[in-house]
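Please look through the sequence and the model below before reading on. The paragraphs that follow are meant to be read with the structure open beside them.

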Amino acid sequence: MHRPEEINGGGTATADPGLDATFDVGYVTRVEGEGSLRLRVVGGEVTEARLSIFEAPRYFERLVVGRTPDEVLDIVSRICGICPIAYQMTAVRAFEHAFGVTVDPEVAALRRLFYAAEWIQSHALHVYLLHAPDFLGYPSAVAMAADHRDLVERGLRLKRVGNEIMALLGGRAIHPVSIRVGGFSRVPRPAELAPVRRSLDAALDDALATVETVASLDAPDFARDRPLVALRDANAYPYADGRLVSTAGLDLAPDRWDDAFAEEQHEGSNALHARTHDGGIYLLGPSARVTLDAGQLHPLAADALARHGFGERIRTNPYWSIAARAVELVQAVADARDVIDAYRTPAEPRVAWSPRPARAAWSTEAPRGVIFHHYEVDERGLIAAAQIVPPTSQNQGAIEQDLREFAPRVLGLPRDEATLRLEQLIRSYDPCISCATHFLDVRIEAEP
Amino acid sequence: MAAPIRVGVAKFASCDGCQLTLLDLEDELLPLLDRFEIVEFPEASSVRSAGPYDVLLVEGAISTPDQAREIVELRRQARTLVTIGACATAGGIQALRNWRDHDAMRGAVYTQPEWIDSLATATPVRDHVPVDAELRGCPISPAQLRELLVAAVIGRRPQLPDEAVCMECKRRGNTCVLVAGGTPCLGPVTAAGCGALCPAYGRGCFGCFGPRDGANVAALADWLSAGRPPIEVSRLFAGFTAWAEPFREAAGPHAATIDAPEATVGLGAEEGTDAPA
């Protein structure tokens, strides 16, 4: 897990007694994974910001070779314990698209419920346990609970509703087991959904209260301008369907991500980085979705967005991603309620299918943004090759660019304070380094 | 009241799902903090401690040179070291690399493999330092984590089940997917703890909790080989606890050939004629 020599509250700022005044910060905490940030400062100007990822490589793209599509769903889930549905859903949609499988409409609705539940638990975790402590000045949600117990309890309640739905549909909240190519290995009876349906009414109140809480927070003014990328579905807020669109005019089928983007390897990082084919950086995630899919928001979520005039801040200021997550909590809870209210047991929980040699590719919206999978299926129906592109490796360029831009504002502050402000910005992107391979250790090198 | 128990959470090669189970205790989380002080949990808190710890929960397999050095230091700092989950207790899914040519895998994922510092193997923590208790599973069971924490407060050994998934499955009232449905299932040889989750959801067990002590894996593998190519049986064991003996032997054929997928084609044809006893 790459532990620095010295560690303590807020990430340690260790001053090098030498003349070069190296700023070395131990570990960026409250992110999912292990990485480091290095800032190079020359003559007071930040010339380089590099997010290095030390998360141990696990070679998933090789581990799936020689496996069946259904086995792939179990394996790729293990890339991330926080967003297993994103991996399972992207892979299952890739295979179904490639094999010409159309699932029962009720199965499609249940999957929407499943994905919404993952967003609820992931966003509640990030807003309340990882990010809110920055805004309110605490090192953790546990410390925050001493003064704001009601707030932490609300976050845990919301998270629990998401987990309950995932456990009901998939047996357990982490690495659920029911999603199979063609549908589900088991679907619930409508009566089984009644208890979580009741919990969702309370969750809606909690989600709306989250929006109010977030509206009361202060964040630095920090306006950025770069393309935002998300899926857009004509009929609904996007989870596992829609076309890849951007604020720069992109419009692509969800299986053609690689027509516009590619991954490259950078020295000092175990995660690959993604760029547009002409080298451009872009940003994914809740802020991109709220911006590009505002027209598809549920009326309750659209109202929450409009009431506080968040839209412009969400589009331009990375710190306000916390507001985008709050709006999406309302969206996901409202979507979950709607699915359950209309649910009838599927006539065909799992349709029959046969594999064929194919390029199986698809994009969906993980809690952190667009995730793309591409598998080559051979004539035996086994995987011959795979490419898995998580959101964090795509956001890395934007994170580094923003840090380079923001750092000069805080480098004059006391070191602990500067570290905290930089970490808060990094946490704004909710980087999932387990996904991108995982840990942050912030280091600032100053040169005269 | 006694001083709170100092708990640390450490992570190696893993998905974070097992440490997330601690936060998934939700309602129980805040009351627990009356008895526990979480002094190291970088995913959840910016307060850090390099030890000592009364209880250290360790997630993940040892898969890089840094990790192999660090677990030794962590062991020195921990009065009780508990491994949590299939990666820390058995090597996890990434232990499939242990059968393969590591350089070839590295080259397949990275264009500049020389920039990647990684061991040729991913191994359980117990291969590196003594371990006081293990919670199995991919992910661990919240109920078992709760039991472990309660036991730590009382100062007794945690009571963890020592039976096969089949026992949980019968108690849950599931129809046997193996006998009645013909679905391959590792329940007879897999340690209990999940509540027979997969059979309850219409699937065969795929061994998340690893082999039960004394399980006759060879007999089940033989039985499953009836009418099924051995490579398919091997793939069943080549999962999240593949490196745990005796799953290791059963997993070998698939695990060893994955880098040459065309080689797997012929493997099924010659064997696999044993009928069930």
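This is a predicted model: local features need pLDDT of at least 70, side-chain atom pairs count only at pLDDT 80 or more; totals for chains, interfaces and linings use all residues.

Chain A has an average pLDDT of 88, and 87% of its residues score at least 70. Over residues 1-26 of chain A, however, the pLDDT is below 50, although this stretch has 70 contacts in the model beyond near neighbours in sequence. The pLDDT is likewise below 50 over residues 437-442 of chain A, a stretch with 41 contacts beyond near neighbours in sequence. As for its make-up, chain A contains 15 helices and 15 strands, and of its 448 residues 60% are buried.

In chain B, five strands form an open sheet with parallel pairing, and their order across the sheet is β2-β1-β3-β4-β5. Strands β2 (36-40) and β5 (133-135) of chain B are found at the edges, where each has a single partner strand, so that one side of each is left without a neighbour in the sheet. Ignoring direction, neighbouring strands of this sheet are turned by 30 degrees against each other on average. Within the sheet, strand β3 (residues 53-59) of chain B runs parallel to strand β4 (residues 78-84) of chain B and is joined to it by six bridges; in one of these strands, β4(B), the residue B:A78 is the bridge partner of B:Y53.

Helix α3 (residues 65-77) of chain B lies across β1 (5-11), β3 and β4 of chain B, and runs at about 130 degrees to β4(B). Helix α6 (residues 142-154) of chain B also packs on the sheet, where it touches β1, β2, β3, β4 and β5 of chain B, and its direction makes about 155 degrees with that of β5(B).

Which residues of α6(B) are buried? They are B:P142, B:Q144, B:L145, B:L148 and B:L149, and because these cover an arc of only 165 degrees around the axis, they lie on the same side of α6(B). An α-helix has 3.6 residues a turn, so residues three or four places apart point the same way. The buried residues of α6(B) pack against α1 (17-23), α2 (29-32), β2, β4 and β5 of chain B, whereas the face turned away from the buried side of α6(B) carries the exposed residues B:A143 and B:I154. Just after α6(B), B:G155 takes a positive phi of about 85 degrees.

At the other end of the chain B account, B:A2 lies in the segment before β1 of chain B. B:A2 counts as exposed because it has 6 other C-beta atoms within 10 Å, the cut-off for an exposed residue being 12 or fewer. The C-alpha atoms of B:A2 and B:R106, which are 104 residues apart along the chain, are separated by 50 Å.

Finally, the two chains meet in a contact that takes 58 residues from chain A and 59 residues from chain B. On the side of chain A that touches chain B, at least two residues each are supplied by α1 (60-63), α2 (69-77), α4 (105-136), α5 (141-147) and α6 (149-170) of chain A. The largest share of that side, five residues, comes from α6(A).

How values were computed
Residues are numbered from 1 along each chain as its sequence is written. Chains are lettered from A and ligands numbered from 1 in the order in which they are written. pLDDT is the predictor's confidence in each residue, from 0 to 100. Two residues are in contact if their C-beta atoms, placed from the backbone, lie within 7 Å. Helices (H or I, at least four residues) and strands (E, at least two) are DSSP runs, numbered from the N terminus. A residue is buried if 20 or more other C-beta atoms lie within 10 Å of its own, exposed if 12 or fewer, and partly exposed in between; C-beta atoms are placed from the backbone. Two strands pair if DSSP finds at least two bridges between them. Axes are lines fitted to C-alpha atoms, for helices over the stretch in contact, and angles run from 0 to 180 degrees between N-to-C directions. The arc is that of the directions from the helix axis to the C-beta atoms.
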